[in-house]
Amino acid sequence: MEVSVECLRFFAALIESETGIVYSEPNYYQLIPRIVELTQTFALSSPDELRRSVEEHLLTPEQRHHLIDAATNNETSFFRDRKVFEAIHEVMTTITSEKDTLKIWSAACSTGQESYSLAMTLLESKNEKVKRSIYSILASDISERVLAKATKGHYTELEIDRGLESSLRSKYFEQLTQSQNLASTWRAKKVLSEHIHFKKINLLERWTHSSKFDIVLCRNVLIYQNVENKRKVIQRIFDNLEPSGYLILGGAESLSGISEDFEHVPVAGAVVYRKLSA
């Protein structure tokens with residue numbers, strides 16, 4: 001099924017306006033299979049008909065949400081980049097040396113592996129102050145589809161094997177399906193999920209949590225945004241961080257030219273910034 005350049009430009013502009021995710025022309029190839037799949041899912045004759053349906057407001061709210069959802073990148077795994085989680089533990093140790101609580105926000109949690117990895121980092125800590133801290137984790141994403149999976153806490157054998165050691169799998173997940181004909185499914189145990197709250201949040205929209213966070217993870221979000229939207233996202237995070245709270249970005253991301261409200265903190269293996277106090 002062919003997708004015209006005009007059609008690709010239309011959907012790229014729509015996605016950017018709705019989510020801030022930028023698809024430049026060299027990356028249009030990533031949109032093509034998604035547009036084709038949506039055209040077929042909605043039983044339309046062509047991508048151009050899909051475009052007309054959007055322009056003429058013929059899609060149902062559920063279909064429009066599905067369209068925007070299909071554009072998001074939800075690549076994730078447990079303990080994605082192990083060195084980063086070692087650095088996160090260092091930050092946790094610093095914070096809990098001064099107080100007994102930890103409030104963490106996973107700002108683009110996808111299907112939940114990052115959030116559950118954070119909980120395991122706390123529960124498995126050899127530092128007693130970290131391990132005994134009273135903690136809460138807010139896990140948010142713009143996609144209701146991935147949030148539903150994250151909330152359920154169910155993972156396939158393949159998903160479980162990506163980054164999760166067997167000892168942690170048996171300790172924090174229970175096997176639901178095991179037979180010769182059916183693939184195994186694993187579910188997060190209550191001890192792992194009870195302090196995690198999942199919520200739909202668009203980082204481009206103004207939003208304030210009831211209490212501020214000590215640590216915010218916003219990994220591999222800024223690389224898909226233009227400069228203006230990067231500044232919006234960082235301002236939202238700044239507004240929701242405790243004084244001297246920590247922001248952790250993806251390995252290819254930086255606040256250079258984006259914000260002067262943070263200082264870079266050298267923590268091996270991660271891109272870490274600390275909020276500057278007023």
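How many cavities of 30 Å³ or more does the count come to? The model examined here is predicted. In this model, the count comes to 1 cavity of 30 Å³ or more. The largest cavity has a volume of about 60 Å³.

Which elements give two or more residues to the lining of the largest cavity? They are helix 1, spanning residues 5–19, and helix 2, spanning residues 28–41. Helix 2 gives the most, with 4 residues. The lining consists of Phe11, Ile15, Leu31, Arg34, Ile35, Leu38, Leu67, Ala70 and Ala71. By residue class, 8 of the lining residues are nonpolar and 1 is charged. No polar residue takes part in the lining. Arg counts as charged, so Arg34 is the charged residue in this group.

Is Ser143 buried or exposed? Its relative accessible area is 1%. Buried means under 20%, so Ser143 is classed as buried.

The surroundings of Ser143 were then examined. The side chain of Ser143 reaches the backbone nitrogen of Val146 at a distance of 3.2 Å. Which residues does Ser143 touch, not counting those up to four places away in sequence? Ser143 touches Asp69 and Thr72.

Note on methods
Residues numbered from 1 in each chain as written. Predicted model: local features only at pLDDT ≥ 70, side-chain atom pairs only at ≥ 80, totals over all residues. Heavy atoms only, no water. 1 Å grid on protein atoms, 1.4 Å probe; cavity = no way out; pocket = protein on both sides within 12 Å on 5 of 7 lines; lining within 4 Å. Points joined across faces, edges and corners; volume = space filled by probe spheres on them. Buried < 20%, exposed > 50% of the residue type's maximum accessible area, 1.4 Å probe, protein only. Polar contact = N/O pair within 3.5 Å; in protein donor to acceptor, adjacent residues only side chain to side chain. Contact = heavy atoms within 4.5 Å.
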